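This briefing covers helix packing, nonpolar cores and salt bridges in one structure.

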Amino acid sequence: MLFRSLINRVEVNKTLADTISRKKLTVVLGQRQAGKSILVQNFLKRKKNVYVYTPLDGGKLVDDREKACSGLDADLLAETLRMLRTTPEEPAIVVFEIGHNKKDDEIISIYEALKTIVYDRQLPNIRGILVMSNHYSIDAFPSDHGRYKTVWIGDLTTEEATRYAKSKKPDANTSAYIEAVGRHLSQLQPALRKKSLEEWRKG
């Protein structure tokens, strides 16, 4: 996947790990292509008993937003709860990734389904992660009396952006690229594909 080995987002990774360890339910929120899925995937690499509801590719998050959570229904929830209850004391993580084409009512439904799982009284060691883009109507998302904590995934730091730019164009003036383009992954990557900053400016 993009950026997996090129950017070490130390502070974001620490925040994500700390939040998940303290809260039953974590909402990972940020702009599209900010690196949310990669951060979650890297966090889950060494975890056992991970249930991911998005298109599956060897049990990993994959980049197919059109189908994400498309099969979520009562039968799926029942099956997930059945599997988790076979070892109720064992820690597990359930991840739902919401596709960019979902409507507000669908988002709330997916959130409520995940909450049903992580707050099941028979499953004291379950953690939930909901991955979604911030272009949805966040005002429509339930505040829910502190049942979840939000982790915001924003732009790269200047250091991270510089490291990524140098990995793509070792001889370029990376400061000029970052100043002109910004530090968001979706902006920085296509600019670095161009032969020069001047070519990118010409569109």
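The points below are grouped by topic, after a note on the model.

This is a predicted model, in which local features need pLDDT of at least 70 and side-chain atom pairs count only at pLDDT 80 or more, while totals for chains, interfaces and linings use all residues. Residues are numbered from 1 along each chain as its sequence is written, and side-chain values use heavy atoms, with hydrogens and water left out.

**Helix packing**

- Helices (H or I, at least four residues) and strands (E, at least two) are DSSP runs, numbered from the N terminus.
- Eight of the nine residues of helix α2 (residues 36-44) are buried, so α2 is largely enclosed by the rest of the structure; buried means under 20% relative accessible area, exposed over 50%, and partly exposed in between (1.4 Å probe, protein chains only).
- Among the buried residues of α2 are Lys 36, Gln 41 and Leu 44.
- The axes of α1 (residues 10-22) and α2 come within 11 Å and cross at roughly 60°; axes are lines fitted to C-alpha atoms, for helices over the stretch in contact, and angles run from 0 to 180 degrees between N-to-C directions.
- Val 12, Asn 13, Leu 16, Ala 17 and Ile 20 of α1 meet Leu 39, Val 40 and Phe 43 of α2, where contact means heavy atoms within 4.5 Å.

**Nonpolar cores**

- The largest nonpolar core has 24 residues, and those touching the most other members are Leu 84, Val 94, Phe 96, Ile 126, Leu 130, Met 132 and Phe 141; such a core is a set of buried Ala, Val, Leu, Ile, Met, Phe, Trp, Tyr and Cys residues joined through side-chain atoms within 4.5 Å.
- Elements giving two or more residues to this core include β1 (25-30), β5 (92-97) and α4 (104-118).
- Helix α4 supplies the largest share of this core, seven residues.
- Apart from this core lies another, of 16 residues, among them Val 12, Leu 44, Val 95 and Ile 129.

**Salt bridges**

- The whole structure holds five salt bridges, each a side-chain nitrogen of Lys or Arg within 4 Å of a carboxyl oxygen of Asp or Glu.
- Lys 14 pairs with Asp 18 at 3.0 Å, N to O; being four residues apart in helix α1, they are separated by about one helical turn.
- Lys 115 and Asp 144 also form a salt bridge (3.0 Å, N to O).
- Lys 115 lies in α4 and Asp 144 in the loop between β6 and β7 (149-153), so the pair ties together parts that are 29 residues apart in sequence.
- Lys 115 is buried at 15% relative accessibility, and Asp 144 is buried at 13%.
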